[in-house]
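Reader: I'd like to go through this one with you. Can we start with the rings and then move to charges?

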Amino acid sequence: MAAFDTPQEAFGVLRPVCVQLTKAQTVENVELLHSQLRVVSDSALQELQEYVLFPLRFTLKTPGPKRERVVQSVVQCVRFVLSATCVKKPQLLLELFSELCMCLASPSSPHQLAPLSEELKQAVIQALLALLHSAYGDVIVSLYQPSTLPHLGFAVSLLLSLAEQEKAKQIKIAALRCLQALLLQCDCQECHRTLDGEETRRCGDLFASFLPGISLALSRIIAGDVKQGHAVVVSALKLFSRAISLIMADEQLAQISPEKEASALGQSRISELVVHRGLDWTKSTAAKLSILMKKVVESVSVHPHWKARKALIEMVRLLMTTCGRSLVESVGQLLKALVGLVNDERPEIQAQSNEVLRSIAEQGMVAKNRLLADVLLEDLHSLATALPRLMTSQDDQGKASTLNLLLGYLKLLGPKVNLLLNSTSHLQRLSRALMQVLELDVKDVRIVEGRRLGEPLGTLLEWLPPMGSIQRKCFRFFTDDRILFLLWQICQVLGYYGNLYLLVDHFMELYRESALYRKQAAMVVNELIAGATGLEVDILHEREAVLSAEDLKGVVTSVLEEYVDQANWHLVTSIEAEELTTEPAAKYSELLAAPSATRSQPLPPTDSKPTVHSMNSSIWQICIQLEGIGRFAYALKHGFRLLLISALYPVLEKAGDGTLLISQAARGAMASICHSCGYGSIPDLINQNADYLVNGISLHLRHQAHEHRASRVLEAMLRHSDANVLPLVEDVIQDILARLDQCHSDRAPSFLGVMQTLLLMLASWFAVEPQMKKDLEQEGGPFRGAAGQRDKMPSPPPTAEALEEFFLEYVKEKQIAEGDLSDAEDEGEEVQVPDSKPEAHEESDEVEGPLAPHAQTAEAVMERCVHLLSDKSLRVRLKVLDILELCVMVLCTHENHLLPLAHRTWPALVQRLTNDDPLAVLRAFKVLCTLGAHSGEFLRRRFSKDVLPKLVCSLVTQAPVSARAGPIYSHTLAFKLQLVVLESLGSLCETLDLGESDLDKVADACLLYLSAKQPAKLQEAACSVFLHLMQLDPDASWLFLSNVWCPHVYRRPHPSLHPVTLGGMEKKRDEFTDNVQRLLDELQGREEAAA
C-alpha cells in the first residue's frame, strides 16, 4: 500500500529530492528519488509525471561526460516511472524516445554504439520497451509519422547493432523484443492499441525504408553461430517474419496507388526517405528477399533445437497467409522448408507441419493462385530434372529430404500435377529417377538358397500372413526404410491425382522395354493402383474426378494379364526349375493367359546357363508380381472375385514353389485375397473355387510339359486347405495315380511330391497318435523312467506260488532255447500254434468294415510305393520312403490292409536298410520305426532275421570311428545315422518285444557307445536304449551292466550257497564306469519306486 496517495502529499515528499538531484547529479540522489517513488501511488505519480521526469531528463541532457553508474541509475528510475504511468503527450514521447536512444550512441559518432557496460545497455533497452508500452491511446501513433522517420531509423539501427554485435544472450533477446515492439508487433500480454487499415498502411510505408537493414541484419543473426542459443534465433525469426508480413502484406500492397503521393509529404528532405511501395519496388524487394529467405530457411531447417524449427513453421504459415502473392518467388523455399519438416524427429514438429500444409491446401492458396501454382510447377520441373542425379549422388538423408520435398509438391499441387505428367520429358525424368532409386540388390546368394521345406503336421494351416504384407527387400542405392515409405507415398499420390491410364501405360511400357526396369516398374504400378483407390493415401486436396470401379477393374485386368503371361510368370528360379523346362516357352503360353500382340521380351534360350544373379532377379520379379495381385485385390475388394478365375490358379502355382520367398509372397497374396474378397480363410477360398482349379489341373495334366506345374497347384491346394477339399480333388488324384503308373522315372518326382503332400495332409487331418510317440512322451527323456515308475501304484510282493510258476516257466523256456524238447512237446506246440490265428483273423474281419476314402487313397499310394522303392534314382527312393512312412501312419488303424502291404514292401525296404546310400538308410530306418510302432508282432521275426544282425554289425564297426573322431564328426552323415539308430533302437526293441538273444546282441552293440570317448549325444542315445531294455527285462539288464561295472560287493546270505561273483566287481574305473553307474542308479530308483 502506497504511503502517499494524493498528488499534494506526494509533491511534498518528492520536491526536495528532485531539487537536490537537479543541483547534484549523483548516484545517491538518484537512488533517493527512486526509493521515494516506491511509496507514491500510481495515480499520484501520474499527476507528477513530468515534474519527476524533469531532473532525470536534465541529468541525461547535461553536457559533458557522465559516469555510467549515474546514467544507469537514472535510466532505471525513468523505467520505473514509465512502468507506473502513461505518456499522454506526443512531444514527451518523442523527446524521451530520443534521449534514451542517445544513451546508447557514441558521443563522437552517433551512428555507432557507445562502449557501455552490459548492465547499462540492458537498462536502456528495458526503459525503451517501457516507454513504448506506456504510450497512451493515439499517442503511440504520433511516433509513426514521416517527420519522425529519422528518429525511428536511429533507434532501429542501434537496436539491430545491439542484437547483432553483443555477445550477451540476454541483451540480444531484449534488443530484438524492443525492436519488435517498435515495429508494433509486440506479443506480450499487455493490451495494445489496434491500428486501423490506414494506420497500418502508413506504418508499412515508414517501415519499408528500414526493410533492407532489418532483413539483412536479422538474416545474419539467424544464420549465425549456433552457440548463440536457440532463443536468439527464435526471437530473430519471429521479428524477421513479422516485419516482412507487415511491409509486404498482399492486402496493403493492393491498396497502394501507382503514383507517389507527393502532396501528402511536402517538399522536405524527409520525403526522400519514405519508400513508395509500388509494383516495381515490390518486385525488386521480393527478388532480394528470396535470396535472404533461402539463406534463412536452409539454416533453420537443420537447426539442432526443435523450438527454432517450430518458429520456422510459424514463419512459413504467417508469410504464406499474408504475403503469398507478393513473395511468390520465395514460396518455393518456404514450402520446401515446410515439407522438409513433415518427417521431423519431433512429433510436435511433424504435427504442426502437417497442420500448416493442410491449412494451406484448404484455403486454396495453391489451387486458386495460378501464379503460385506456376512457381510450384516450375520448382517441380526443376526437381524432376535433377532427381535422377540426386538419387545416385546423395546419401540416405539427402534422398529422404529430396523425396519428401517431391511428395510435398505433389500434395500441394493436387490435381494440377497432371500438368507435369502430361509433359513427356518430365514424366520420363520422373520415371527414370524412380527406376534408378528402386533398383534391387540381387547379389545375395541366400535369396536363391532359401527353400521351402515341409512344414510340421500341426503348423501347416496355422501360418497366415497379415493382409498386405510386403517382403523386406534390399535396394542398391539406399538402406533406410523411410526412403521406401516415401517412394510408396509418392506413387500412391500420383495414382490418386494423376491420370491412371497414362501412368500405368507409361510404366508398363518400361516393364516391357527392358528386364532391368521390370521389377521397379511393377512395384510402381502396384502402388499406383493402390493409390487410385484413395484408401491409404494421405492427401491435402480432393481429386477432381473419382475413377469408377469399372475403369479400375479394366486397368487391373490388363496389368494382371501381363503379370501372369508365360514370359513374366514362368521364370527360371532354381536349377531344378531350369531342368524341368523341357520345351520352349512359346509352345504353351496360351494355357494361362491369352497371348498379346505386345508382350514382354521372351525368356532367354533354355540352353543358356542361369546365374545366381539372374535367378535372384527372377525370384524378386515373381514376388513383386504376387504382391501386386494382393494389392489389386485390396483395391477392388469384392470386385476382384470376378478375376479369381485368371488369378487364383497362378497364385496357387507359386504357393507350391520350392523357393521360400516366392511361396511366402504367394501366401501373402492369398491372405490379401481372403480379406479383400470376403472369404473367411484360405481353405474357404480354395474350396469355394475348387471347380475351375480342378478343371485347370486336369487340362494341364494332359500336356507333359505342364505336369510339373499342375502338380504344384494341386500340392498347394492340399497344403493350404482342409479335409473338405478331399472329395473335390478325388478325380484329379486318381488321374495322377494313373499317370504315376505310366510315367517314366524321370517324371515321377513331380507326381511323388503331390503324393507326399497328400499323405502329409491326410496324416494331419485324420491324425492317430503313434504308439512310439506315446512311449517317448511318457518317458520324457533318457533318465525320466524312474520318475515315471514312481507315479505308478506300487505292486504287491510276489507269492510263493507265483515264484514257483516263474522258475518253472524259466526252466521250460531255457530248454526250448537249447533245443532240449521231447517229441510230444514239440508236436503239441506245432498243433497249438496255428489254431489261434484263424480265430484272430475271423474276429478282425468281422469287426472291420469298409475302408474310409482317405484310407483307400493311402492304400493306393502305398501300392505304388512298392514298385518305386527300388528305383535307380536316389531322389525318387528318398521321396518314396517319406511317402511310405506317411502311408503307415494313415493306415495304422487298418491292420488287415496295412500288413499285406507291409509284407510286399518288406524285401525292398530291407535292401534300403542294408545296401543303399546312407541317406536312404537313414530314411528307411525311420520308416522301419514307424512300421514297428503299428505292426509289432508282424515285424518281430523279420526284423530279427533280416535287419538286426546287419544293424548291430554296423554299430559295432562304426563305434571305434566315432570314438576317435573330433568335434566336426557331429556334422557328418555317419554320425546322424548312428544317432537316429541309437535313439530309435530301444523303443523299437520294446515295441517288437524281441527275444533274449536279440536283446543281448543289442546290449553288446550299444555298450560300446557308453564309453566316455564317444560324443555326448551318442552316449545319451545309448543310455536311452538300456532304459528301454530295463523295461523289457530289468534283471538281465542289471546282470549285464554289473558285469561291466559293479560298485558293490554282495555277500552270500548262507554259507551253503555259492559266493556271488560278478564280472564288474574287481574292475577299476574305466571309460564305461560313469554311464553304467548312472544306469544302475536309475534301475535301483525304479525298483525302490515299485516297492
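Reader: Is Phe 207 buried or exposed?
Author: Phe 207 is buried, with a relative accessible area of 1%. Buried means under 20% relative accessible area, exposed over 50%, and partly exposed in between, with a 1.4 Å probe and protein chains only. This is a predicted model: local features need pLDDT of at least 70, side-chain atom pairs count only at pLDDT 80 or more, and totals for chains, interfaces and linings use all residues. Residues are numbered from 1 along each chain as its sequence is written, and side-chain values use heavy atoms, with hydrogens and water left out.

Reader: And how many aromatic pairs are there?
Author: The structure holds ten. Rings of Phe, Tyr and Trp (its six-membered ring) pair if their centres lie within 6.5 Å; planes under 30 degrees apart count as stacked, over 60 as edge-to-face and the rest as tilted. Phe 207 and Phe 210 have ring centres 6.4 Å apart and planes at 40°, so that pair is tilted.

Reader: Which residues do ring pairs link into a cluster with Phe 207?
Author: Tyr 144 and Phe 210. Phe 210 counts as buried at 11% relative accessibility.

Reader: Switching to charges. Which helix gives the most to the negative patch?
Author: H40 does, with five residues. Helix H48 (996–1007) also supplies at least two. Helices here are DSSP runs (H or I, at least four residues), numbered from the N terminus.

Reader: Where does Asp 1000 lie?
Author: Asp 1000 is in helix H48. At 38% relative accessibility, Asp 1000 counts as partly exposed.
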